[in-house]
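Try each task before you read its solution.

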Amino acid sequence: TCGICVDKCPFDAIEIINLPSELDEEPVHRYGENAFSLYGLPTPEPGNVTGILGPNGIGKSTAVHGLAGEMVPNLGDHERDGDWDRVLDRFRGTGLQNYLESLRDGDVSVSRKPQYVDQIPKQFDGNTRELLERTDERGALDELIDRLNIGPVMDQDIDSISGGELQRVAIAACLARDADFYFLDEITPYLDIGQRMVVARLIGELADDDTGDRSMLVVEHDLAILDLLADTLHVAYGEPGAYGVITDPKSVRNGINEYLKGYLDNENMRIRPSAITFEEHAPRVTSRSETLVEYPDLRKSYGDGEFELRVEGGEINHSEVLGAVGPNGIGKSTLAKLLTGDLAPDEGELDFALDISYKPQYVEIDQPMRVDAFLSSIADQFGSSYWNTEIAQPLQLERIMEQNLTDLSGGERQRVAIAACLSDDADLYLLDEPSAHLDVEQRVRATTAIRRYAENHDATVMVIDHDIYMIDLLADRLMVFDGEPAERGRASPPQEMRDGMNDFLADLDITFRRDERTGRPRINKPGSQLDSQQKRNGEYYYSG
Ligand code: ADP
Ligand code: ADP
Ligand code: MG
């Protein structure tokens, strides 16, 4: 290893070819002796959306405390109080100079959306209307409520609304304020793709408004949305908890390409042993493989028909990864529970004897038990070198093995739950929203772990998720849900990727093109020439 990391190499002890040159300099901020150090700062630009792409614990919030003027960076000398003139000297002649000058002069106001919206009900007692009313500084609240579809929960208590509703309320509260600098720490958790697009558009419009001097800084792990949303991008790398380096700004296209490639060009820095690649063309239609299970048409409704799901009969093939996509509230989790037998259909019968290992959408593992004790009670192979390589390492479990389940963060809990699901010996592995709470590097690793597990074990996997990059990298075929959320849903039979993506994206009115250099999917600007042309040709995702 390279000798920088105090604990363990974040990149699985692969050779790090170049040390970051930033580490020769003093950090921008250091919390204390041997404490976390931050190198580099993101550059807010008036009229622009600046993205940050990188893991959690890498110093993003630290940077924002600095940029918001809540803390003066100490330039690495934790025994000396920071002072703005020293910081300004350090950044003179860079893109940050103007911003830091207004900050020193006390001319910057900040609006922030926190990462964990689940914490909001603990801090606020009241209903949605009461929470939002006090944020309406620009007279834009009504429009935000309308476009984010918050109307139905305006009079509901904040502690009674769902994660997706809370996320949209938190975003509305942040954007309703009149500020110079907006910081949004993740915008997509709990939101479906249609809702993610709406939020991306709202942020872009605010950056572009008449004042022209608002800066937006967004941390986001959904690469398709980040790509659509950001004008420039900083990649953050390092060792979470130990040190973090925030690169100079890159164009969003180059930043994401370099990230996926695993190599940062300007920094001359390898951040991952191998590149992440996408298939430009739909996977070839496979010669029918063996069928794992066939199921008939099904129907399931709740209460007196408040919501009804209709499932068209189909078959799941042996050894495939089946993706499932659709808006929130359309019945995806309901189908998962029908398959596992947790719910019984009103019509149709599921009489197969399949062992199903199921990771529910809302992970509830909160016994007072250590992670290692919990996992060893599930995984026969727990602790074997095979289990360590295939499951513990890619899901980064080593460091949290001795913690209690009750003390885990959302992302840690998710990784333990994925590990538990894959460790069970089953015929079908069913994962409901595995990307939730994971940072972008963890998503990449989890995707690789699931894919590799499926291939090595001839395992059959079904994955419900909203992250298009994750679905693209994982799925062999696709099941598409449509209908009217919270009223009625319809699930298509599993389809080939090309047909499935076309159905799904036509419903959302979104097309993708391919990046010329890397082949990765990029969302087309709505109404652009390419967008219209692809819609005419019915090529929403794959071309040629
Ligand atoms: P991110 O926002 O990227 O998740 P943070 O900036 O919140 O990361 O934290 C980076 C690191 O700095 C973490 O290891 C965190 O524990 C540490 N840290 C944050 N605030 C303080 C503080 N006030 N004192 C000491 N360490 C801190
Ligand atoms: P998705 O997973 O696609 O987001 P779900 O299957 O969780 O959707 O839910 C579909 C609809 O059924 C939603 O409107 C939800 O509120 C409703 N619903 C889910 N579970 C129940 C239940 N146990 N009782 C009544 N309604 C439910
Ligand atoms: Mg669900």
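**Exercise 1: Contacts of ligand 1**

An oxygen atom of ligand 1 lies 2.6 Å from an N or O atom in the side chain of Thr-62. The protein covers 59% of the 560 Å² of accessible area that ligand 1 has on its own (Shrake-Rupley method, 1.4 Å probe; for residues, only the protein chains shown count as cover). This is a predicted model: local features need pLDDT of at least 70, side-chain atom pairs count only at pLDDT 80 or more, and totals for chains, interfaces and linings use all residues. Residues are numbered from 1 along each chain as its sequence is written, chains are lettered from A and ligands numbered from 1 in the order in which they are written, and side-chain values use heavy atoms, with hydrogens and water left out.

Task: which residues surround ligand 1?

Solution. 
- Step 1. List the residues with a heavy atom within 4 Å of the ligand.
- Step 2. Read them off: Tyr-31, Phe-36, Asn-56, Gly-57, Ile-58, Gly-59, Lys-60, Ser-61, Thr-62 and Gly-241.
- Step 3. Sort this shell: three residues are nonpolar, six polar and one charged. Nonpolar covers Ala, Val, Leu, Ile, Met, Phe, Trp, Tyr, Cys and Pro; charged covers Asp, Glu, Lys and Arg; the others, Gly among them, are polar.
- Step 4. A ligand nitrogen is 3.2 Å from an N or O atom in the Tyr-31 side chain. A ligand oxygen is 2.8 Å from a polar backbone atom of Ser-61.

**Exercise 2: Rings**

Task: how are the planes of Tyr-541 and Tyr-542 arranged?

Solution. 
- Step 1. Check the centres: they are 4.8 Å apart. Rings of Phe, Tyr and Trp (its six-membered ring) pair within 6.5 Å.
- Step 2. Check the angle: 90°, an edge-to-face pair. The cut-offs are under 30 degrees for stacked, over 60 for edge-to-face and tilted for the rest.
- Step 3. Look around. Ring pairs link Phe-512, Tyr-541 and Tyr-542 into a cluster. The charged end of Arg-514 sits over the Tyr-541 ring, 4.7 Å from its centre (CZ of Arg or NZ of Lys within 6 Å of the centre and within 35 degrees of the ring normal).

**Exercise 3: A positive phi**

Solution. 
- Step 1. Recall that most residues other than glycine have a negative phi.
- Step 2. Read phi: Ser-319, not a glycine, has a positive value of about 70°.

How values were computed
A polar contact is a pair of N or O atoms within 3.5 Å; within protein, one must be able to donate a hydrogen and the other to accept it, and residues adjacent in sequence count only if both atoms are side-chain atoms.
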